[in-house]
Amino acid sequence: MRQVERMRVARVARVGRQGGEPDPGETGGADSAPLEEGRVVSHFGLNVEVADGSGGRFRCAVREALLEDPVCGDRVMWQRVGEDQGVIVAVCERTSQLRRPGPYQRLLTVAANVDRIVVVAAGGNLNAGLLDRYLAAARKAEIAPLVVVNKWDQVTDPAADEAELAPYGRMGYPVFRVSALLGQGLEPLEAALQGVTSVFVGESGVGKSSLINCWIQDEVFRTAAIHAGSGQGRHATTTARLYRFPGGGWLIDSPGVREFGLHGVTREEVPGLFVDMRPHLGHCRFSDCRHLREPGCALRAAVESGEVAAARLASMLRLMESVAPKNPFM
Ligand SMILES: Nc1nc2c(ncn2[C@@H]2O[C@H](COP(=O)(O)OP(=O)(O)OP(=O)(O)O)[C@@H](O)[C@H]2O)c(=O)[nH]1
Ligand SMILES: [Mg+2]
Ligand SMILES: [Zn+2]
């Protein structure tokens, strides 16, 4: 509640008043409605959908000169304008945010105020490289990750998948094997999602929306099912969307990605984002070791002794290659 008060003060300060009654002329009468707390369900184009505290959904305009563009998961202060419409007057300070580089050098904020990143992969076709990027991004954003392997029903060689997954369990990441199609393995995952805000991320088609659909029989999903049934192809998610998790908490569905770039990470920082590398960092013979072919490389030694999976080191090196080194002039 203190945060809310702070936003209120900030807003009043911005419009240049010392408290008291706002001037209704300024926003065409919107100021006459009381300020309410809400959460951004989705933001697409000019449309921002806001959820109020009691299950209502409102199509909101955004007051100009907001410091932050509201994104899915944002907590906002808003005012009602008519039956199902409103205006957002302030975006509350974010406790966390998941960001990634978008097209045209733009930075995209995928979701705000997130407690868990649920990295979804498809059984039988694990994209471990992408999983490693998400785990590194989660560490950078200081958001706890969970690994969910969906489509476990179509895994034909479980031993191969288990071998690929073993390092993640050893690193302490919770790994869930589930099938959205058969509704199997969901209970332990439900327990982990209870009472928190979780964003579902991963490649397109791994079943993020199908999983969320197991818990939320929402109108949006019914529409998606109709599309699928009418032979118009699969319904790919195009914009992040927030859902209330039955029994407490929130789920955010997000559009699938092919690649997930790391934002604000330098090449030097990458090894520290791989938790299994951390005990070995600083022990290479050369302080500027690139962990490629240098003699006395502690990371390669850890791979040879079986302490670190070879695929993880390969993944780390690929990620280092893809981000710029620190600029010595900055
Ligand atoms: N066999 C099997 N198929 C599944 C399972 N879960 C989802 N699918 C199918 O996988 C396809 C993709 O599912 P979606 O839920 O749309 O995948 P998504 O991750 O939301 O995809 P994007 O929105 O494009 O990112 C659909 O045809 C689903 O029916 C599962 O557990 N097992
Ligand atoms: Mg989807
Ligand atoms: Zn080294």
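Trainee: How do strand 12 and strand 13 pair, parallel or antiparallel?

Mentor: Antiparallel, over 4 bridges. Strand 13 covers residues 250-253. Keep in mind that this is a predicted model.

Trainee: Okay, and which residue is the bridge partner of Arg 241?

Mentor: That's Asp 253, in strand 13.

Trainee: What sheet do those strands belong to, and what's its strand order?

Mentor: An open sheet of 6 strands, in the order 10-9-8-11-13-12. The pairing is mixed.

Trainee: Which strands are at the edges?

Mentor: Strand 10, residues 175-177, and strand 12. Each of those pairs on one side only. As for the twist, the average is 25 degrees from one strand to the next.

Trainee: Remind me, what holds strands in a sheet together in general?

Mentor: Strands pair through backbone hydrogen bonds, and they can do that parallel or antiparallel.

Trainee: Back to our sheet. Which strands does helix 3 touch?

Mentor: Helix 3, residues 158-170, packs on the sheet and touches strand 9 and strand 10. The direction of helix 3 makes about 150 degrees with that of strand 10.

Trainee: And helix 5, which strands does that one touch?

Mentor: Strand 8, strand 9, strand 11, strand 12 and strand 13. Helix 5 packs on the sheet too, and its direction makes about 150 degrees with that of strand 13.

Trainee: Which residues of helix 5 are buried?

Mentor: Lys 208, Ser 209, Leu 211, Ile 212 and Trp 215. They cover an arc of only 160 degrees around the axis, so they sit on the same side of helix 5.

Trainee: I see a metal in the picture. Which residues are the protein donors of the magnesium ion?

Mentor: Ser 209 through its OG atom and Thr 237 through its OG1 atom, at 1.9 to 2.1 Å from the ion, which is ligand 2.

Trainee: Where in the chain are those two?

Mentor: Ser 209 is in helix 5, while Thr 237 is in the loop between helix 6 and strand 12. The two are 28 residues apart, so to speak from distant parts of the chain.

Trainee: Why does Ser 209 count as buried?

Mentor: Because its relative accessibility is 18%, and buried means under 20%.

Trainee: New topic: how many salt bridges does a search of the whole structure find?

Mentor: It finds 10. One of them is between the side chains of Asp 132 and Arg 312, at 2.7 Å from N to O.

Trainee: Where do Asp 132 and Arg 312 lie?

Mentor: Asp 132 lies in helix 2 and Arg 312 in helix 8, so the pair ties together parts that are 180 residues apart in sequence.

Trainee: Are these two buried or exposed?

Mentor: Buried. Asp 132 has a relative accessible area of 2%, and Arg 312 is at 3%.

Trainee: What about Glu 162, which residue does its side chain meet in a salt bridge?

Mentor: Arg 177, at 2.8 Å from N to O. Glu 162 belongs to helix 3 and Arg 177 to strand 10, 15 residues apart. Here the accessibility is 31% for Glu 162, which is partly exposed. Arg 177 is partly exposed as well, with 34%.

Trainee: Which residues are joined into one network by salt bridges that share partners?

Mentor: Glu 49, Arg 57 and Arg 241.

Trainee: What is the phi of Asn 113, then?

Mentor: Positive, about 55 degrees, although Asn 113 is not a glycine. Asn 113 is in the loop between strand 7 and strand 8, and it counts as buried at 4% relative accessibility.

Trainee: And what is the phi of Lys 151?

Mentor: Also positive, about 60 degrees. Lys 151 is in the loop between strand 9 and helix 3, and it is partly exposed with a relative accessible area of 26%.

Definitions and conventions
Residues are numbered from 1 along each chain as its sequence is written. Chains are lettered from A and ligands numbered from 1 in the order in which they are written. This is a predicted model: local features need pLDDT of at least 70, side-chain atom pairs count only at pLDDT 80 or more; totals for chains, interfaces and linings use all residues. Side-chain values use heavy atoms; hydrogens and water are left out. Donors are N, O and S atoms within 2.8 Å of the metal (3.2 Å for Na, K and Ca); water is not among the atoms, so sites may look incomplete. Buried means under 20% relative accessible area, exposed over 50%, partly exposed in between (1.4 Å probe, protein chains only). Two strands pair if DSSP finds at least two bridges between them. Axes are lines fitted to C-alpha atoms, for helices over the stretch in contact, and angles run from 0 to 180 degrees between N-to-C directions. Contact means heavy atoms within 4.5 Å. The arc is that of the directions from the helix axis to the C-beta atoms. A salt bridge is a side-chain nitrogen of Lys or Arg within 4 Å of a carboxyl oxygen of Asp or Glu.
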